[in-house]
Amino acid sequence: MGRPSTPLSAHLPPLIMGTATFNSQYNHDPYALPTTELVHRALTDGVRAFDTSPYYGPAEELLGRALASEAVRAAFPRHSYQILTKVGRIASSSFDYSPRWIRHSIRRSLRRLHTDYLDAVYCHDVEFVSRAEALEAVRELRRIRDTEGTIRYVGISGYPVDVLCEIAELVLRETGEPLDLVQSYANFTLQNTRLRSQGLPRLVAAGVDVVPNASPLGMGLLRRDGVPIGSMGDFHPAPDGLRNAVMAAGAWANTQEAEKLEVIAIRFALEAWLRDGARVGAMGPPLARAPTADSGFVSVASNGTGERLGVSVMGVSNVSELEETLSVWRSILDGLENGQDKQQQQQQQTPSDWSQDRRHRIASLAQQIQAILGPDWVDFTWASPGPDFVNTLPADHLASLEKAEDAAAEAS
């Protein structure tokens with residue numbers, strides 16, 4: 001128990017599968033998604049870390065069910081992958097960062113995820129609570145880490161880069177121990193790179209070990225078809241002007257040899273963050289070989305250079321999205337992409353040559369898309385929380401917590 005002897009960056013992989021898509025915000029019926037197949041397929045293809053949250057509807061439950069399935073247990077023991085989850089956010093306008101709720105949330109996550117420990121836990125969307133509440137929550141998570149051993153690393157997540165930096169600096173100043181990780185989402189994308197320009201210098205100075213970049217598509221904004229609409233309706237905070245500019249950019253991209261906006265956006269974010277986020281990156285294997293993989297399996301079994309690679313979190317809803325994202329990821333790593341072997345032979349290119357050509361093309365397309373978005377929308381961020389936000393806990397919140405505590409006491 002206690003703070004791990006090695007930093008998280010020593011073994012966290014640079015690609016994490018996010019499960020925010022296992023939620024009714026992104027899909028009409030998350031229980032209808034092939035989540036067990038997705039998780040098993042991701043592990044087989046070399047993914048070794050999963051990001052989730054109690055706030056993501058049934059995501060923890062669905063991820064836990066997949067990880068507990070016979071197929072996964074047989075091939076992938078618990079120590080072979082990492083689970084990152086969150087505490088504090090209950091609903092869109094409901095937050096409880098109290099130590100009492102955090103203890104309950106951790107017990108519940110352990111149960112849902114069918115595990116004895118959590119590799120990392122974030123305080124979820126810290127901008128919605130006071131700085132004092134965020135600091136208290138970090139202290140409680142570290143207490144659990146040090147006394148119970150069910151948590152290994154502690155961090156914060158949220159949207160506004162300046163708030164994340166302020167809290168990281170506060171934690172270091174007040175506790176003398178830097179945060180293990182700070183996750184930002186939708187702040188290093190084709191549309192907005194504030195995480196690099198404004199966040200990195202301060203987070204590095206605050207001693208943060210790892211800074212994962214989540215949502216390279218800006219919560220689905222950077223898609224030809226527009227933002228995803230689930231059973232909860234249109235949740236996305238982007239204004240109409242930004243949405244219209246993105247749609248125009250997508251239409252233009254489709255004229256460039258039928259390039260998909262989402263492929264350009266994913267590749268831009270993943271590839272650029274590998275380099276730009278390296279100072280707060282990780283040294284785990286970019287893709288790991290599955291025990292049952294054949295000899296032709298394309299992967300990077302270890303990050304043998306000893307250098308850090310920027311960490312990204314990708315979310316998918318179906319197998320085709322997973323395949324497309326991993327295809328891009330592999331091509332970034334070693335110059336291979338589905339359907340390109342023949343082209344390489346015809347052009348007598350090495351994988352490295354082809355990868356550099358692809359990188360230059362994506363960089364050029366990204367610059368032109370950013371020009372279409374224009375100065376009004378490049379690096380635009382929406383307010384989080386909004387001006388009307390009031391933290392309102394459900395009427396039965398305390399009653400449900402007391403009931404859960406009584407059940408836990410009986411079980412022990």
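How do the axes of helix α6 and helix α7 cross, and within what distance do they come? Keep that in mind while we look around; this is a predicted model, and we can start with the whole chain.

The protein chain holds 13 helices and 10 strands. Its C-alpha trace spans about 70 × 50 × 45 Å along the principal axes. For 412 residues, a compact globule would have a radius of gyration near 22 Å, and the chain comes out at 21 Å, which agrees. Of those 412 residues, 55% count as buried. The accessible surface comes to about 17000 Å², and carbon and sulfur atoms account for 49% of that. Now take the contacts between residues at least 6 apart in sequence: 79% of them join residues at least 24 apart.

Back to the helices. Two packed helices are described by the angle between their axes and the distance between the axes. Here α6 covers residues 161-175 and α7 covers residues 194-205; their axes come within 9 Å and cross at roughly 5°. Angles under 35 degrees count as roughly parallel, so α6 and α7 are roughly parallel to each other. On the α6 side, the contact is made by Val 161, Asp 162, Leu 164, Cys 165, Glu 166, Ala 168, Glu 169 and Leu 172. From α7 come Arg 194, Leu 195, Gln 198, Gly 199, Arg 202, Leu 203 and Ala 205. Sort the residues of this contact by type and you get 8 nonpolar, 2 polar and 5 charged.

Next, find Trp 382, which sits in the loop between α12 (351-373) and α13 (397-411). Is Trp 382 buried or exposed? Buried means under 20% relative accessible area, and Trp 382 has 9% relative accessibility, so it counts as buried. Setting aside neighbours within four places in sequence, Trp 382 touches Tyr 159, Ala 186, Met 219, His 236, Pro 237, Ala 238 and Leu 242. Pro 160 is 222 residues away from Trp 382 along the chain, yet their C-alpha atoms are separated by 8.8 Å.

Finally, hop to Ser 9, in the segment before β1 (15-18). At 1% relative accessibility, Ser 9 counts as buried too. Its contacts beyond four places in sequence are Asp 209, Val 210, Gly 281, Ala 282, Met 283, Gly 284 and Arg 308.

Key: Residues are numbered from 1 along each chain as its sequence is written. This is a predicted model: local features need pLDDT of at least 70, side-chain atom pairs count only at pLDDT 80 or more; totals for chains, interfaces and linings use all residues. Side-chain values use heavy atoms; hydrogens and water are left out. Axes are lines fitted to C-alpha atoms, for helices over the stretch in contact, and angles run from 0 to 180 degrees between N-to-C directions. Helices (H or I, at least four residues) and strands (E, at least two) are DSSP runs, numbered from the N terminus. Angles under 35 degrees count as roughly parallel, over 145 as roughly antiparallel, 65 to 115 as roughly perpendicular and the rest as oblique. Contact means heavy atoms within 4.5 Å. Ala, Val, Leu, Ile, Met, Phe, Trp, Tyr, Cys and Pro count as nonpolar, Asp, Glu, Lys and Arg as charged, and the others, Gly among them, as polar. The radius of gyration is taken over C-alpha atoms; the globule rule is 2.2 Å times the number of residues to the power 0.38. Buried means under 20% relative accessible area, exposed over 50%, partly exposed in between (1.4 Å probe, protein chains only). Accessible areas come from the Shrake-Rupley method with a 1.4 Å probe; for residues, only the protein chains shown count as cover.
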